[in-house]
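Please open the model in a viewer and keep the selection panel at hand.

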Amino acid sequence: MARTFRTTPCRLAAALLLLLAGTSGLLAEPLRVLSWGGAYERAQQEALFTPFSEAHGIEVEVQRYAGGLAELRRAVAAGEVPWDVIDMTRSQAMAACDEGLLEPLPTDLAAPAPDGPPAEHDFMPGAIGDCALTHTLFATVVAYRTDAFPGRRPTRIADLFDQRRFPGPRALQRTPAVNLEWALLAHGVPREELYRLLSTPRGLALALARLDALEEIRWWEDGEAPVRLLTEGEVVMASGYNGRFFDAMVNRDLPIEILWDGQVQEHETWVIPRHAGNPDTARAFIRFATSTERLVALAERIPYGPARASAAERVGRHPDTGVDMRLHIPTHPLNAEGAIAKDETWYARTLTRMDDYFAEWLEARQARTGEAPTPTAGGDDQPVAP
Amino acid sequence: METTSAPTGRGPLPVLRFLGLVLLGAVIGGVAALCAAGFVRGVLVLNELLLISPRSRMMFPWPELLALTTIAVPTLGGLIVGQLHRHLPQGRPHTPADAIAAVQTRRGRLPAREGGISALTAMISLGAGASVGQYGPLVHLGATLGSLGARLLRLGRSDDNITIACGVAAAIATAFNAPLAGIVFAHEVVLRHYALRAFAPIAAAALVGHVIATQALAQGALFHVAETVVPRAWEFALFVAMGGLGALLAGAYMHAILGVGRLARRLPLRPDLHPALAGALLGSVALWVPDILGMGQETLRFATIAGAFGGGELLLVLALKVAATALCLGMGFSGGVFSPALVIGTLFGGLCGSLVAALAGVSQETFVFYAVCGMVAVTAPVIGAPLTSLLIVFELTGNYALTTAALASVTLASPIAAQLFGRSLFDIQLRNRGLDLSSGRGQALLMDTRVIDYLTRECVILSPEASLDEAIATLARERHGEAYLVDTQERFHGCVTLAELESARQAAGAHRVGDCVDGERPTLHSGTTLWAAMALLEEVTGEALAVVDEGIFRGVVYEVHIARAYLHQSDALRREEHGHG
């Protein structure tokens, strides 16, 4: 009896695999993925796309974007969606889900952890959404030139605004997000109250006043710009994505250090657009790409925090350089001590108003200081590229 | 009179009983803490749903409708609260003052229905954005649950008082996540004595509350101060002075609440509509100054940040917050006085800090010290709890420098306010209701006991027309020294003593007893308290005092009964306050 029970699932699985291999070979329809390009895409290629093709015999075609929902909206409206899976920040995924641009995901989509715990206990809170499944966390952090402040180094996010002790120009992203949080933190506000206080005119004014007190700000939009500005010595401190700074520090050996205090963590998710051509393959891919093993492989190639506890504790060294990746991922306990969880629901509802308010302030500031105006962002969404 | 059932002897049974009381304290602490956590959560959810919290207002997709909801929500909330309060006996919600009165008079037995309705209306008031506090309702809810526990187990009055204090301690420990403050508050404000017998159950309750708070509530600290500098030596003198000013502000705040309450009684509007009117007024003003809505946690935070308010703005928000709170509480919203006092005090501290910085030309590095000192200087006199206020600061900030600064300001604040206004707002309210706690619990107990409880008609009653001989014969037969003269209409004519009758007979001046009345002898009425009766005894020697209501004779109270009642009360108090297990 016992023997039959043991062998039957194996046979079934083998048959299924054969069937899958047969059909995929027969149809050979590739999986079309939309992602962010750059170092991030290279890591995904090694950790996710190639292993998926090998395991399932399905080609993966990758296209690039810089965030935003405008194109997805057009494609869904036309009923012709050229992607099966999209790598999307959670705030945009929430907005897209509300607009009905995404397929709902089955609740049992994610695979359980290797040592048994079900997925809903293994993923971090809020990772499993109606239309989106968080796979990693990336962080917006401040980085500084290690040679800029002889004898001292910034340790708190308030140091970003302290140009007396840490003189020199700053580079900040041209968005209200992250900048307002940091400005308010520098007033000594506890992290849990940030968004409640930013919801009041007084809180906004306080944050913008702190930003306004900074003497020289270079505003950036492209995720690579802060690294370049720091490298070229145009600024001494810059905000940016932790993965890009890691790349510059470790792979290119530039004199840059990350200030982890005040890091703003964001969820990066997988979603399936409405009218996707291969929803079944897309679901199989998401299950594959969010397995503990694949998340570990990804985090060992680019320092983004895996969304599963079982993956976070298994992260080891970079396969090529041998760098201990645990120390570089935002969710490492040492790095996460002063982390801010971005209130994505808040941003999803207030983005337009906040953008207008911020743009108005920026215009006034630029008129006053004569800072170089930056070209306004095209489209209706914030480009956020991790 | 019920005697206290607390055993004071030694032996295994009293120890077991005592351990049982500690266990009961822990259970009550758990229940009270869960209810407190649910209450706090409920208010937060209501604030989000009803567009009171700034976050929900910011996220509301139709900002143009906000003006409408800002007025409509407090008005409708007031309407519901007013209707619910009609079901309460005095038409007013119960507050910590009722819990204090129950313990100080050893009455205990807080009514569950009134407690439940008051908690519900407080949640609606807070949820709809009324400018009231949440800690008062939590304290009363905890006290009611504690009293309920004692009643279910048929415990005596002393144990009832202890379980009330347990519920209070657990509620404070949960709401502030500050167990020490909970324990001290229960002793300082509710029990007003310190007995080891009460301490252990209260500590157990506070501990359970603290554990539940860290598990279930996971909320940020009420205020949270990162590393701070140490104030300059001369600034401590300012903190002491701020305490004096804060006491005056606390007095103004308390009298504003009471004053609006008095005005409201003269308002030509049905009392159950008063809260709705207050809500409409509050909402209209909040259109211009939204800081006055609700508990004001955001305002509290901003008040600790230098530069968040301009100097004039601080004064405006402070004045409006006092007015809004007085309006809401005076007009019958249900809620506490502590949270608004926190905001008012912190704004006051911020104002002092800004003034000092402007006048002395120093940096505002120590601004948060001024904010916290102002906060303590106003809250400690309002709730009558200097130690609790200090402990709240200490437990919430973990900052010793801040606590010593707060100590400096509370040094003057509490005694000045107690001299000028009363020990706390609760004491003032109770005094207005006829219960004076200013001379301690012994007096309060005697003042709460009526002589009518000891009334008897077992005495010699004579007609005023009776002859002297007849009267003397009756007294001798009944073996009494005094008789009371009552006519056929039950009217009281006075008291005669055997000695006077006898001397009148010898002098042969009078023929009827009505002419021999002892004019010096005072009478009592059915409302006379034991305290007043004791005061009369100092001047009178005799057997008993007559109780007379509007000329009608009710009976007499023997002096020996009054003395025995006094000894009995003192003994019960002594056993409750000095027993140790």
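Begin by selecting Arg202(A): apart from its neighbours within four places in sequence, this residue is in contact with Phe302(B) and Ala308(B), where contact denotes C-beta atoms, placed from the backbone, that lie within 7 Å of each other. Arg202(A) belongs to helix H8 of chain A; helices (H or I, at least four residues) and strands (E, at least two) are DSSP runs numbered from the N terminus. Arg202(A) counts as buried because it has 22 C-beta neighbours inside 10 Å. The classes are buried for 20 or more other C-beta atoms within 10 Å of the residue's own, exposed for 12 or fewer, and partly exposed in between, with C-beta atoms placed from the backbone.

The model is predicted; local features require pLDDT of at least 70 and side-chain atom pairs count only at pLDDT 80 or more, whereas totals for chains, interfaces and linings use all residues. Residues are numbered from 1 along each chain as its sequence is written, while chains are lettered from A and ligands numbered from 1 in the order in which they are written.

**The interface**

Now widen the selection to the contact between the two chains. Here 16 residues of chain A are in contact with 16 residues of chain B. On the side of chain A that touches chain B, the elements giving two or more residues are helix H7 (194-198), helix H8 (201-212) and helix H15 (344-369) of chain A. This side of chain A comprises 6 nonpolar, 5 polar and 5 charged residues. In this classification Ala, Val, Leu, Ile, Met, Phe, Trp, Tyr, Cys and Pro are nonpolar, Asp, Glu, Lys and Arg are charged, and the others, Gly among them, are polar.

**Chain A**

Of the contacts in chain A with a separation of 6 or more, 75% are accounted for by residues 24 or more positions apart.

How many C-beta neighbours does Ala95(A) have inside 10 Å? There are 20, and Ala95(A) therefore counts as buried. Leaving aside neighbours within four places in sequence, Ala95(A) is in contact with Leu69(A) and Ala348(A).

**Chain B**

Move to chain B, which has 23 helices and 5 strands. Its C-alpha atoms fill a box of roughly 95 × 65 × 50 Å along the principal axes. Of its 581 residues, 52% count as buried. Among contacts in chain B between residues at least 6 apart in sequence, those joining residues at least 24 apart make up 76%.

Two packed helices are described by the angle between their axes and the distance between the axes.

Select residues 96-104 and 157-176 of chain B, helices H4 and H7: their axes come within 9 Å and cross at roughly 150°. Axes are lines fitted to C-alpha atoms, for helices over the stretch in contact, and angles run from 0 to 180 degrees between N-to-C directions. H4(B) and H7(B) are therefore roughly antiparallel to each other; angles under 35 degrees count as roughly parallel, over 145 as roughly antiparallel, 65 to 115 as roughly perpendicular and the rest as oblique. In this pair Ala99(B), Ala102(B) and Val103(B) of H4(B) meet Asn161(B), Ile164(B) and Val168(B) of H7(B). The contact residues divide into 5 nonpolar, 1 polar and no charged.

Next select residues 530-537 and 559-578 of chain B, helices H22 and H23, whose axes come within 10 Å and cross at roughly 120°. H22(B) is therefore oblique to H23(B). Leu530(B), Ala533(B), Met534(B) and Leu537(B) in H22(B) meet Glu559(B), Ile562(B), Ala565(B) and Tyr566(B) in H23(B). This contact has 7 nonpolar, no polar and 1 charged residue.

**Confidence**

Finally, colour the model by pLDDT, the predictor's confidence in each residue, from 0 to 100. The mean for chain B is 88, with 95% of its residues at 70 or more. In chain B, pLDDT is below 50 over residues 1-8, a stretch with 21 contacts beyond near neighbours in sequence. The mean for chain A is 86, with 89% of its residues at 70 or more. In chain A, pLDDT stays under 50 over residues 1-8, which have 0 contacts beyond four places in sequence. Where pLDDT is low, the predicted coordinates should not be read in detail. The model scores ipTM 0.79 and pTM 0.82.
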